[in-house]
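User: I have a chain open here and have not looked at it before. Can you walk me through it?
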Amino acid sequence: MQERIKQIPVRLLEIWKKYSKKQRIIIISVVSSVICALLLLIFLLGRTEYVELIELEDTKTASQAIEILKENGIAYQLKDDGVTVLVDDTKKTEAKLLIADSEIASKAKLSLEQLLNNDMSTTNYDKQTKLHLYYQGDLEELLKKQEGIDDARISYLPSDKRSSILEQEKEISCSIFLTINNKFKKSSAEAIAITVANSLGNETTNKVKVIDQYGNLLYNGPEDEESEYTNKNLEFRQAVLADYTERVVRFGLMNGFDYVEPSFALDINFDKTTEEIREYFAGEGLEQGLYQTYQKISSENKGSNGDIPGTDSNTDTDYYIQTEESGKSSYDELNITYLPSEKLTKTLKGWGLVNVDTSKVAIALKRVKDIKEEDLKLLGLLDDTTFEEYVLNNSEPKQLEVSKEYYTLFANATGLNENNISLIMWEVPNFIGAPKSDVNWQLILEIILAALILGLLIFVVFRGMAPVEVTEIEPELSVEQLLATTKENQSLDDIEFSEKSETRRMIEKFVDENPEAVANLLRNWLTDGWG
């Protein structure tokens, strides 16, 4: 086996020597072209594509992020602003995890390990400050998880709530900075303020303020009854308007329109009217209700005959027996107050109701009509003009006639009076040019290079396997040798007597039989003569 391996270079050298100088030059050129093409293909396919990873607050934080990427062998670039870091697209997920695990992503949040890392030199004030920082970071993380909030920052200065034991506790002032999106509801600001105030130990939200990234004050403490009532009415009106708008837009899109824009003038009743109804009835099987008060009064009087008025009757004692009474009377009184069964019904009437007879709506409807350049050519509309000129002359929207059935449909969808609905319908042309081939020249170049490389390799392989034609060069002969050879091969029968000399006949016959040898001979003569 080793002998065969040693023979491979020898055989290759033998094969290489069989090629001519011109063939060697061709082979070297082909191999060089293949190598260059491979290097170019590797460069095109292997170059790094950078994407944005993170935009940091300052250059110091950006340098920390770069150090993390360097330590983990991730290619990076830094934009001219000095705070935006780009990384290799294939390593973006890994880089995100590294940044998330570092102190960069949570530098404002105190970890539980740092909170509990205390020693003898740690004062009570330090402990309380660390505890507040831990709560602060925890609250920020909780707020970020709420819908509509992209980022949250809580800022407050922890301090003693009272300066003496007898003094009433003071509430902590707190500011909440929110980065919100279109999913955020303004009513959530109050809930956020209540949650943060409760976490700080405040009994009220008087000291809590909420602001967004646009500088809008979302919450400024509790409102009075009148302001709260006004804000609730406004919030309810917006909710009702959004509901009506959604219904109209969805209904319009379902009927084939591409664009639906309603504008409502809703008459909503926000008057608070309370209706109270009292119903009285007796218990089952009774003609009256239960006793509320019960009072019965009874009295009886009796009388007898008297003696002579004066002092006469006091001197003598008699023994007469009284046989009859002189008078007798009685008195009875009954006072009853009944307590009948009572049913009390309180109804809040009319608040938040939409008056469908006075509410109005105007709806703009648009339907897009696609017009293709190929169709215009088939119809002959581009015979005397170009597609661009046709688009310029016919790009204005066209107003359409609205049929009565649309008024009825939208009236049923909204519940409003049909006479209070206004509709306008437009047809908007959408011109579509002839499709142009989106050629990916980079892909085509790579395919061509790959095909050339494959073709060159096949050419080299087949060229190397083809047999080499060896041309033997005949030795040059002198004139005397040529004449002697011809003379020996010539038979006596071929000699004819004529006017030509024997030497001339021999030369002509030699020329006819050996044209190549004659050519070589002439070439040698010319070379010797001019040399």
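User: How much of the chain is buried?
Analyst: Of the 531 residues in the chain, 21% are buried, where buried means under 20% relative accessible area, exposed over 50% and partly exposed in between, with a 1.4 Å probe and protein chains only. This is a predicted model, in which local features need pLDDT of at least 70, side-chain atom pairs count only at pLDDT 80 or more, and totals for chains, interfaces and linings use all residues. Residues are numbered from 1 along each chain as its sequence is written, and side-chain values use heavy atoms, with hydrogens and water left out.

User: How many helices and strands?
Analyst: The chain has 15 helices and 17 strands. These are DSSP runs numbered from the N terminus: helices are H or I with at least four residues, strands are E with at least two.

User: What about the largest nonpolar core?
Analyst: That core has 22 residues, and Ile154, Ile176, Leu178 and Ile192 have the most contacts inside it. A nonpolar core is a set of buried Ala, Val, Leu, Ile, Met, Phe, Trp, Tyr and Cys residues joined through side-chain atoms within 4.5 Å.

User: Which element gives the largest share of this core?
Analyst: Helix 7 does, with six residues. Helix 7 spans 188-200, and the other elements giving two or more residues include helix 6 (124-144) and strand 5 (174-180).

User: What does Ile176 touch?
Analyst: Leaving out residues up to four places away in sequence, its partners include Leu143, Ile154, Ile192, Val196 and Val210. A contact means heavy atoms within 4.5 Å.

User: Which residues are closest to its centre?
Analyst: Lys186, Ser187, Leu218, Asn231 and Glu235, out of 21 lining residues. Helix 8 supplies the largest share of the lining, seven residues.

User: And Asn72, where does that lie?
Analyst: Asn72 is in the loop between helix 3 (59-71) and strand 2 (76-78). Asn72 is partly exposed, at 36% relative accessible area.

Note on methods:
On a 1 Å grid over the protein atoms alone, a cavity is a set of points where a 1.4 Å probe fits but cannot get out, and a pocket is an open set with protein on both sides within 12 Å along at least five of seven lines; lining residues have an atom within 4 Å of a point.
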